[in-house]
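Hello,

Here is the structure I promised to pass on to you. Have a look at it first, and then read on for some notes about its aromatic rings.

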Amino acid sequence: MKLKSQINDVIKNAFVKAGIEHEPMSVTEATKPEFGDYQFNGAMALAKRLGKNPRQIAEMIMENLDFSGIVVKAQIAGPGFLNLWINPLWIAQQVQLALHDERLGVSKRENPIKVVVDYSGPNMAKQMHVGHLRSTIIGDTLANLLTFLGDEVIRQNHIGDWGTQFGMLIAYLEETDEDGSGSLKDLEQFYKDAKERFDADEAFADKAREYVVKIQSGDEHCLKLWQKFIDISLRHCEDVYDKLCVKLTRDDVKAESFYNKDLPEVIEELLEKNMLTKSDGAQCIFLEGEEIPVIVQKGDGGYLYATTDLAALRYRANVLEAKRIAYVVDARQGGHFKQVFKVAKESGFVPEDVKLEHIAFGTMMDKNGKPFKTRDGGTVKLIDLLDEAVVKAKGAIKDKEGYSKEEVEALAKIIGIGAVKYADLAINRESNYIFNWDKMLSFDGNTSLYMQYAYARIQSIFRKFNGEIKGDIVIGDALEHRLSVMLLRFEDMLESAADNATPNQITAYLYDLATLFMRFYEHNPILKEGVDEKTKMSRLQLADLTAKTIKQGLDILGIEVVDRL
């Protein structure tokens, strides 16, 4: 349910009754319980426009508020703030409806759109490393979230599978192990060996350059070798995606090579629109206010990343008909995307009503605040990091004796992978963050393990109860009121997180919800002797909706829950 919009409607109706013709500002969540559930602070902004002091305006609104439905009480505070309390009877009814709705009261968007989310994008010449982690999980979360809200989401994995290095790689594959079963087990080593051969053997280097031309001209033998290399490389990626529980598949791959046939058309259309200027033999686009031009074709006729990105935007906007195109790529590419987006709009490749976004993110750092590397300074393979997470997670399982060996393994995977993902998603995506095993595998603070523990604790209540839940939800005290209102804010939070591409809003909400439930559970016993049946049934239902909300929130983040820890 869109709780905030319903409160806004109450304020709008009061504006109409009071004869105030200005559109009211949106209400905000109250900062403290004593200030109510929501606050309207728009009287200050209206004061000058209407020639009245803010308190007079607040009084006009309050006099015309409808107290028979959602809002049950209002209070003017300070120079003109309006504090609003929601009717507990109305809250109880809405929470009951949410509990029995498979979507927990979250509606699907009335006007869904088609959205392309471009994320992960590994290079086929190397195994995925920690630098691919953030794009992969932030992108997958955004795609999950938009899908849940009702948009038609097209996941796109823009893998790097084209370019000069592939001539070298397939020439080396041909010589060493054409089926790729042995030599490509370690892509990093394979690349190093191929490069070493390329640098040391001029005849091999010439052959590699010749193979680049043959790939681009469609030579059957070279393309067969190239495809073999790509297939085996993709299997490495799929192992990572499987461990990470992200939803990218082969069908989502739209590689650089996919747009190769469109690149001459891109140049031709830009020429027709008189957007190209030749500079030192290269075809360039000089944008107003930008010192550095966008180079779309080199003097030798070769194309660049910008050319491929323009072809991809053109395809996504006109063939896929996306209305929102989001690139989940690290912040260092900000300048590139700013220019490419501008060219795409000015050239007409992308219509004006299509939203183009660079979903930027910062760097993962080690405990010393430096980019995450191996001890010898190399790049950490992502698969190794995830395997280590599972090993470390076993130490966080408190009662190993209560599980079989297979159950410990399964539980460790859920905990370990969830810990890595949640730690990343819980911070502002544009910030760098310190990778810290101890912190992410802690039961304290805003961690995946804390959320999984909260969920498991609620499940233990139901195992102990082991009966039929019936009756109505009744809001009995302030804690039950606060918990219920927070549960009803779930959709508002998800909508905001989707619009702003901010997964940390979801983690912050889940942490606040779990923390509030723990307080509720401590002060409002559920199964304790002496609690009357009506109260017990009401509190069990609040616990049930809390657990379902935690589970749904974690599912959007791509994190599993466990029934016991």
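How many aromatic pairs does the count come to? The model is a predicted one, and the count for it comes to 18 aromatic pairs.

Phe-517 and Phe-520 make a tilted pair, with centres 5.6 Å apart and an angle of 45° between the planes. Both sit in helix α19 (residues 503-523), and because they are three residues apart there, about one helical turn separates them. Phe-517 has a relative accessible area of 1%, so this residue counts as buried. Phe-520 is buried too, with a value of 0%.

There is also a cluster to look for: Phe-166, Tyr-172, Phe-190, Phe-204 and Phe-229 come together in one aromatic cluster.

Which ring does Arg-103 lie over? Arg-103 lies over the face of Phe-148, 4.3 Å from the ring centre. Lys-254 has its charged end over the ring of Phe-258, at 5.1 Å from the centre of that ring.

Enjoy exploring, and do write back with any questions.

Best wishes

Key: Residues are numbered from 1 along each chain as its sequence is written. This is a predicted model: local features need pLDDT of at least 70, side-chain atom pairs count only at pLDDT 80 or more; totals for chains, interfaces and linings use all residues. Side-chain values use heavy atoms; hydrogens and water are left out. Rings of Phe, Tyr and Trp (its six-membered ring) pair if their centres lie within 6.5 Å; planes under 30 degrees apart count as stacked, over 60 as edge-to-face and the rest as tilted. Helices (H or I, at least four residues) and strands (E, at least two) are DSSP runs, numbered from the N terminus. Buried means under 20% relative accessible area, exposed over 50%, partly exposed in between (1.4 Å probe, protein chains only). A charge sits over a ring if NZ of Lys or CZ of Arg is within 6 Å of the ring centre and within 35 degrees of the ring normal.
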